[in-house]
Amino acid sequence: MAMSTHDHDDHDHGSELSETQLRVRALETILTEKGYVDPAVLDLIVEHYETKTGPHVGARVIAKAWVDPQFKAALLADATEAIAALGLISRVGDHLIAVENTPTLHNMIVCTLCSCYPWDVLGLPPVWYKSAPYRSRAVMDPRGVLADFGVALPADTEIRVWDSTAETRFMVLPSRPARTETWNEERLASLVTRDCMIGTGLPRRPEETSS
Amino acid sequence: MNGVHDMGGMHGFGKVESEPNEPPFHAGWEGRVLAMQRALRATGAWNIDMSRDAQERLPAEVYLSVSYYHRWALGMERNALDQRLIDADEIAAGHALRPGKPVQRTMTKDTIGAAFTRGSFSRPTSTVGRFKPGDRVRTLNINPPSHTRLPRYARGRVGAVEAVRGCHVFPDSAATGAGENPQWLYTVVFEGRELWGESADPTLKVSVEAFEPYLEPA
């Protein structure tokens, strides 16, 4: 393939990017000219991922589960159906499964084989989630991975790692932080981070927020 | 296949580096790659398992050295070539040299919603699942040269069926174009020590989503 040959010594990041950029542009040109894709549709798809998706959707779901026991039960029974009923997004993908952290159990989500991730509720996966360090270590040394994120769990907390090897998708329902008894759903959602829904983090504590 | 994509339990890749305030894309072309992949779904020319398979068949040194969306682009090129949507001389030329071939559909502004939602992979069946929650099972020691979703670290191991997820499209078949061949899907959970030996973290449990053909009673 053309990209494997370099007739110059300039291997800096920028030149690699521009080479890739040219190759991707050529592919889009070919696919467009042959009538398989419409660039205007591609623009809209990019815009959607840049502006509409993200962990704010999942954060609303978690906050709702913290204040509404009925919703929480429904979420743990069938996350796709429960989240669809909230109407936050137009459609939720099938086979979404929410797994609950407890004082004695911590869940972590990984895809060791590729990059399976609950896009509809968390948005695009971050680079680290798709990277070799995370994919290789999460199933063997999750406490080491947590340490990379600055998280230390009690030594006797059970750790459950979910490897997303099929079309089932997982999100973590973290434990509600202490001293938030008087908080409403919207404020609670501000404590829910992307990483705590993957299981590489914990929700922010009330004292970590400015409000 | 026993490729470098199957990373669970490997050493030597270093620390997990999280990027604060990471943008959706790090360059404009990354978004184009994602969008093309999504839009091409409509053509029905290949399925998600063929996409994964195409990336797994990249040379190992390429798989490990290129960025994520770059890998997607290389896989997409290979899928498009394999399915004869495009030809190698067109990639070399950088533009189409002959008309497109007929495809099921192309994505339009009206059908764009399909780009953002995963479809269902469960299929109706008249079969009864072989296992139920609580059953002890052993994963088979398989090493197919083609696409599979049973990672190496979880082969030949004893675990417990925790949940039955229904009857789903079987990736090992779908990836080769052999059809959906739906199979029962289970969450199978293993003790850390069963996977990693006596020095494993005693508090660790790991589950995989395992298709019935990967399992036998233990």
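Predicted model: local features only at pLDDT ≥ 70, side-chain atom pairs only at ≥ 80, totals over all residues.
**Stop 1: chain A as a whole**

Select chain A. Its C-alpha atoms fill a box of roughly 60 × 40 × 35 Å, taken along the principal axes. Colour it by secondary structure. Now walk along the sequence: the elements of chain A come in the pattern α-α-α-α-α-β-β-α-α-α-β-β-α-α. How much of chain A is buried? Of its 211 residues, 45% count as buried. Contacts also reach across the sequence. Among contacts in chain A with a separation of 6 or more, 67% come from residues 24 or more positions apart.

**Stop 2**

**Stop 3: helix α2 of chain A**

Select residues 39-51 of chain A, which form helix α2.

Which residues of α2(A) are buried? They are Val41(A), Leu42(A), Ile45(A), Val46(A) and Tyr49(A). These cover an arc of only 140° around the axis, so they sit on the same side of α2(A). Turn to the other side of α2(A): here Ala40(A), Glu47(A) and Thr51(A) are exposed. What covers the buried residues of α2(A)? The cover includes α1 of chain B, residues 28-41. Show that helix too.

**Stop 4: helix α3 of chain A**

Move on to residues 55-67 of chain A, helix α3. Its end C-alpha atoms are 19 Å apart, in agreement with the 18 Å that its 13 residues should span.

Is α3(A) mostly covered or mostly open? It is mostly covered, with ten of its 13 residues buried. Among the buried ones are Val57(A), Arg60(A), Ile62(A) and Trp66(A). Show the neighbours next. The buried residues of α3(A) pack against α4 (69-77), α5 (79-86), α6 (119-122), β4 (169-173), α9 (185-189) and α10 (194-198) of chain A.

**Stop 5: where the chains touch**

Show both chains. 71 residues of chain B are in contact with 64 residues of chain A. Which elements of chain B give two or more residues to the side that touches chain A? They are α1, α4 (68-82), α5 (88-93), β2 and β4 (204-211) of chain B. The most comes from α1(B), with ten residues.

**Stop 6: a sheet built from both chains**

Now follow the strands. An open sheet of seven strands runs in the order β2(A)-β3(A)-β4(B)-β3(B)-β2(B)-β1(B)-β5(B), and its pairing is mixed. Which strands lie at the edges? They are β2 (105-110) of chain A and β5 (215-217) of chain B, each of which pairs on one side only. Look along the sheet: the twist averages 35° from one strand to the next.

Strands of a sheet pair through backbone hydrogen bonds, either parallel or antiparallel. Zoom in on an example. Select residues 158-168 and 183-191 of chain B, strands β2 and β3, which pair in the antiparallel sense over seven bridges. Finish on one bridge: Ala160(B) has Val189(B) in β3(B) as its partner.

Notes: Residues numbered from 1 in each chain as written. Chains lettered and ligands numbered in written order. Helix = DSSP H or I, 4+ residues; strand = E, 2+ residues; numbered from the N terminus. Expected span 1.5 Å × (residues − 1). Buried ≥ 20, exposed ≤ 12 C-beta atoms within 10 Å, placed from the backbone. Arc of directions from axis to C-beta. Contact = placed C-beta atoms within 7 Å. Pairing = 2+ DSSP bridges. Axes fitted to C-alpha atoms, helices over the stretch in contact; angles between N-to-C directions.
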